[in-house]
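Trainee: I would like to learn how to read sheets and packed helices. Can we go through them one by one?
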Amino acid sequence: MDIDFQMKGNALVASVHGRVDTGNASVFEMKLVEALSQEEKWLVFDLSGLEYISSAGLRVLLSTAKIMKSKGGDIRLAATQGPVKKVFQISGFFSLFKHFDTTDAALENL
Amino acid sequence: MKISKTQVVPVSVSLPSRVENLPHFITPVLAAARALFVDEDRCHDLELAIEESIVNIINYAYPDKEGIVRIGCRREEDCLVVCIEDEGIEFDITAADAPDLSSDVSSRKIGGLGIYLVRNLMDDVRYRREGNRNLLELVIFLHPKEMKE
């Protein structure tokens with residue numbers, strides 16, 4: 001699993017690649033916490049490169065969303081693909097979070 | 001279900017209930033699934049169901065100390081059946097309550113989501129308690145094109 005971070009306007013874009021599973025979810029969470037400063041309210045996950053996510057990874061997304069909400073912001077999900085998209089659908093995450101086909105569309109909607 | 005033909009896929013792995021052993025449980029089962037022409041999307045579902053099932057064993061069957069987990073798989077007619085066994089605390093994932101998927105972010109709890117994924121990604125999930133063992137079977141249907149060998 002790799003994450004690249006990029007500031008775009010007032011949002012931090014986290015591009016997640018590879019797998020987030022029980023074995024590396026804590027590293028995923030640590031990288032997110034380290035990358036977020038107090039000022040950022042919006043976090044957009046570019047998930048076009050995410051190949052696999054288990055409930056351990058979903059738990060990290062949820063806890064990160066709670067942090068962003070406490071700052072008056074939120075997270076946005078973008079570009080989920082293939083079987084990962086099905087995992088989000090089953091988990092109800094598409095009703096929990098706004099989801100967009102592309103990262104740019106997510107940024108325009110902040 | 002009446003079984004007229006059972007084809008044993010040679011997978012049998014027995015290892016301690018540790019997160020770092022997950023790949024050792026998963027990899028041989030996926031190899032067996034691919035040998036039966038299960039497509040990559042279904043292999044993904046199977047991998048996720050195995051991870052969630054074994055993590056559940058680690059957390060609930062063996063909460064205080066690690067124990068042995070066994071995984072194997074076999075073919076039953078038009079199904080691939082993955083068997084996961086432990087000797088821990090009785091836990092029937094097929095009887096667990098579904099998580100509340102309607103609550104908002106602030107009140108949403110993640111507990112139970114792993115089991116819910118297992119039940120929704122697999123074509124069938126069977127559980128039985130035999131003596132001191134939990135026996136879980138994850139079933140995926142092999143589509144007609146996957147039956148051609």
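Mentor: Start with contact: two residues are in contact if their C-beta atoms, placed from the backbone, lie within 7 Å. Keep in mind that this model is predicted.

Trainee: Which strands does helix H2 of chain A lie across?

Mentor: H2(A), residues 55-70, lies across strands E2 (11-20), E3 (42-53) and E4 of chain A. Its angle to E4(A) is about 140°.

Trainee: What is the strand order of the sheet in chain A?

Mentor: Strands of a sheet pair through backbone hydrogen bonds, either parallel or antiparallel. Here the order is E1-E2-E3-E4-E5 in an open sheet of five strands, with mixed pairing. E1 (2-8) and E5 (98-100) of chain A each have a single partner strand, so one side of each lacks a neighbour in the sheet. On average, neighbouring strands are turned by 25° against each other, direction ignored.

Trainee: How many bridges join E4 to E5 in chain A?

Mentor: Three, and the two strands run parallel. A:Arg76 has A:Lys98 of E5(A) as its bridge partner.

Trainee: Now chain B. At what angle do helices H2 and H3 pack?

Mentor: Two packed helices are described by the angle between their axes and the distance between the axes. For H2(B) and H3(B), the angle is about 145° and the axes are 9 Å apart. The contact includes B:Leu48 and B:Val55 of H2(B), with B:Ile115 and B:Leu117 among the residues of H3(B). By class, the contact has seven nonpolar, three polar and two charged residues.

Trainee: Why is H2(B) described as largely enclosed by the rest of the structure?

Mentor: Because 16 of its 22 residues are buried.

Terms used
Residues are numbered from 1 along each chain as its sequence is written. Chains are lettered from A and ligands numbered from 1 in the order in which they are written. This is a predicted model: local features need pLDDT of at least 70, side-chain atom pairs count only at pLDDT 80 or more; totals for chains, interfaces and linings use all residues. A residue is buried if 20 or more other C-beta atoms lie within 10 Å of its own, exposed if 12 or fewer, and partly exposed in between; C-beta atoms are placed from the backbone. Helices (H or I, at least four residues) and strands (E, at least two) are DSSP runs, numbered from the N terminus. Two strands pair if DSSP finds at least two bridges between them. Axes are lines fitted to C-alpha atoms, for helices over the stretch in contact, and angles run from 0 to 180 degrees between N-to-C directions. Ala, Val, Leu, Ile, Met, Phe, Trp, Tyr, Cys and Pro count as nonpolar, Asp, Glu, Lys and Arg as charged, and the others, Gly among them, as polar.
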